[in-house]
Amino acid sequence: MLVAAVGAGLAAILVAPLLRGLVARFAVPEGEPWCGACPLCGREVLLLPPTGRCPGCRERLGAGAWSVELVAAVVAVVVAYAAHGPSAAALAWAAGLGVVLGFVDARVRRLPYRLVLPLAGGVAALLAVAALAEGRPGVLLRCLLVACAVGALLELLVWLGGLGPGDSPLGFALGGLLGWYGWPVAAGGLFAAVVLAGFWAILRAAAALARRCPVRGLDVPVGPFLLLGALLAVLAR
C-alpha cells in the first residue's frame, strides 16, 4: 500500500503540468473565450511548470505556484489508498479532472461543460468496464439511479438560484461514481459536501465581518466541496 501511494503521488506530480495547463485554459470568467495562449506573449498554453508562469515571458497563469501539484499528489495518494479493483480507474479519472474543476470553480465560479462532460462520460465508460470485469452488470442500474437522484436534487437548487449551472451535471457524474459503492456512500458524500460548503461560507462571512465588509454577495464555489465530499465518502466507506 505504501509503494502504491508513493507511486500515485509521483504520477500525479508528473501529470500536474497538464492539469495546470487545463486550469489556466478554462479558468476564465463567463462569456470570455478560453485562454489557449499566454495573453502577454501569445505562447500556447498546454503544459505549465509548477511555478505557474509562462515559459516564454514568465507571466503568471492560472493557479498559484505548486498548488496544483500539491493537491494532485494528495488526491492521488487518497485514491490509491481508497480504490480497489477495476473501479479504481473510474475513481482516478474523476480525481484527475476533479482537481482541474476544483481549481477552475474556486477561481472563476464556473464549472465548464468541456470538463464536466468528459468527467461524466469517462466515469460511465470505466464503471461499465469494471462492472463487466467483476460480473456485476446490475450495479450499473444503481449507479444510474443514484446519479439521477443527486443530479435532480442539485438541478432543483440551480432552478432556485442557489447553485450554478455546472453543479448539477457534476453532481450527476459524482452520484454515478458513488452509486458504485452504494446509497449510504452517496448520501454521505452529499452530506459531507453540504457541511464543508456551509463551514466555508461561515468562515468567509466571519472574515468579512471582521474586516467590516458586507456579508451579502459572498458566493461559495460548490464544485470543490462536491468533489471533496465524494472523495471523503469513498475514503470513509
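The following legends describe close-up views of a predicted model.

**View 1. Packing of helix 6 against helix 8 in the predicted model.**
Helix 6, which covers residues 167-179, and helix 8, which covers residues 223-236, pack with their axes 10 Å apart and at an angle of about 5°. Since angles under 35 degrees count as roughly parallel, helix 6 and helix 8 are therefore described as roughly parallel to each other. On the side of helix 6 the contact is made by Asp167, Leu170, Leu174 and Leu178, and these meet Gly223, Leu226, Leu227, Ala230, Ala233 and Val234 of helix 8. Sorted by class, the residues in this contact of helix 6 with helix 8 are 8 nonpolar, 1 polar and 1 charged.

**View 2. The largest nonpolar core and the surroundings of Leu170.**
The largest nonpolar core holds 59 residues, and the members that touch the most other members are Leu101, Leu170 and Trp180. At least two residues of this core come from each of helix 1 (2-26), helix 2 (67-82), helix 3 (88-108), helix 4 (113-134), helix 5 (139-159), helix 6, helix 7 (183-210) and helix 8. Helix 3 gives the most to the core, contributing 11 residues. When residues up to four places away in sequence are not counted, Leu170 touches Leu101, Leu111, Val116 and Leu119, and also Gly223, Leu226 and Leu227.

**View 3. The salt bridge between Arg20 and Glu69.**
The count of salt bridges in the model comes to 4, and one of them joins the side chains of Arg20 and Glu69, with an N to O distance of 2.8 Å. Arg20 belongs to helix 1 and Glu69 to helix 2, and the pair links distant parts of the chain, the two residues being 49 residues apart. Both Arg20 and Glu69 are buried.

**View 4. The salt bridge between Arg109 and Asp219.**
Arg109 forms a salt bridge with Asp219, and the closest N and O atoms of the pair are 3.2 Å apart. Because Arg109 lies in the loop between helix 3 and helix 4, while Asp219 lies in the loop between helix 7 and helix 8, the pair ties together parts that are 110 residues apart in sequence. Arg109 has a relative accessibility of 33% and so counts as partly exposed, and Asp219, with a relative accessible area of 37%, is partly exposed as well.

**View 5. The salt bridge between Arg136 and Glu134.**
The side chains of Arg136 and Glu134 meet in a salt bridge, for which the N to O distance is 3.0 Å. Arg136 counts as partly exposed at 33% relative accessibility, and Glu134 is partly exposed with a relative accessible area of 31%.

**View 6. Arg60 in the loop between helix 1 and helix 2.**
Arg60 has its place in the loop between helix 1 and helix 2, and at 37% relative accessibility Arg60 counts as partly exposed. Leaving aside neighbours within four places in sequence, Arg60 is in contact with Thr51, Gly52, Arg53 and Ala65. The C-alpha atoms of Arg60 and Cys38 are separated by 9.1 Å, and these two residues stand 22 residues apart along the chain.

Definitions and conventions
Residues numbered from 1 in each chain as written. Predicted model: local features only at pLDDT ≥ 70, side-chain atom pairs only at ≥ 80, totals over all residues. Heavy atoms only, no water. Axes fitted to C-alpha atoms, helices over the stretch in contact; angles between N-to-C directions. Helix = DSSP H or I, 4+ residues; strand = E, 2+ residues; numbered from the N terminus. Parallel < 35°, antiparallel > 145°, perpendicular 65-115°, else oblique. Contact = heavy atoms within 4.5 Å. Nonpolar A, V, L, I, M, F, W, Y, C, P; charged D, E, K, R; others polar. Core = buried A, V, L, I, M, F, W, Y, C linked by side-chain atoms within 4.5 Å. Buried < 20%, exposed > 50% of the residue type's maximum accessible area, 1.4 Å probe, protein only.
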